[in-house]
Amino acid sequence: MKRMIIVSVFLAAIVGLGIAESVISSSLYRRLSAQISEFEAIVRENPDDFSDGKALKKADEFIAEWEKWRSFARMTSNHSTVRGFEDRLYTVRAYAECGGYEDSIAYAVSARELADDLAVETYVLLPNLL
C-alpha cells in the first residue's frame, strides 16, 4: 500500500510539472506573438521611416523576452523548431535596425505564425502527446 501511495504521489508530481510546463510555454509563445503583432502594426503605420526608433524598440522588447526564456524553450520544445523561431526573431530585429521594411514584415509574419503554432503545440492534447 505504501508503494502505491508513493507511486501515486510521484505520478501526480510528474503530471503537475507537465501541466505547468505546458501553461508556461503556451503563455510565452502567445506573449511573443502579441509583441510581434505590435511590431508589425508599428512598421505598417510608417513603412518608409524607421528613424523614430519605435520598431527597433519593439523588436528589442521581444528579443529581451525571448532571451529570458530561451533555455526553457529549448529544453521543452522541438529544438529545430525553436531554433528556426529564434532565427526569425533575430532576423526581424536585424532588418528593423537596417530599415528593411518588406523583409522585416515578412520575417515578422513568419515569426508570429510560428509562435502561434508553437503555442498550440504545447497544449496537452492527445495528438501532441503521440
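Predicted model: local features only at pLDDT ≥ 70, side-chain atom pairs only at ≥ 80, totals over all residues.
Local features need pLDDT of at least 70, side-chain atom pairs count only at pLDDT 80 or more, and totals for chains, interfaces and linings use all residues. Residues are numbered from 1 along each chain, and side-chain values use heavy atoms, without hydrogens or water.

## Aromatic pairs

The structure holds five aromatic pairs, where ring centres must lie within 6.5 Å, and planes under 30 degrees apart count as stacked, over 60 as edge-to-face and the rest as tilted. The rings of Tyr29 and Phe85 have centres 5.9 Å apart and planes at 80°, so they form an edge-to-face pair. Because Tyr29 belongs to helix α1 (residues 2–45) and Phe85 to helix α3, this pair ties together parts 56 residues apart in sequence. Tyr29, Trp66 and Phe85 form one aromatic cluster.

Trp69 and Phe72 also make an edge-to-face pair, with ring centres 5.8 Å apart and planes at 80°. Trp69 is partly exposed at 29% relative accessibility, whereas Phe72, at 18%, is buried.

## Helices α3 and α4

The axes of helix α3 (residues 79–98) and helix α4 (residues 101–121) come within 9 Å and cross at roughly 150°, which makes α3 roughly antiparallel to α4, a label for angles over 145 degrees. The contact (heavy atoms within 4.5 Å) includes Phe85 and Tyr95 of α3 and Tyr107 and Leu114 of α4.

How values were computed: Axes fitted to C-alpha atoms, helices over the stretch in contact; angles between N-to-C directions. Helix = DSSP H or I, 4+ residues; strand = E, 2+ residues; numbered from the N terminus. Parallel < 35°, antiparallel > 145°, perpendicular 65-115°, else oblique. Phe/Tyr/Trp six-rings, centres within 6.5 Å; stacked < 30°, edge-to-face > 60°. Buried < 20%, exposed > 50% of the residue type's maximum accessible area, 1.4 Å probe, protein only.
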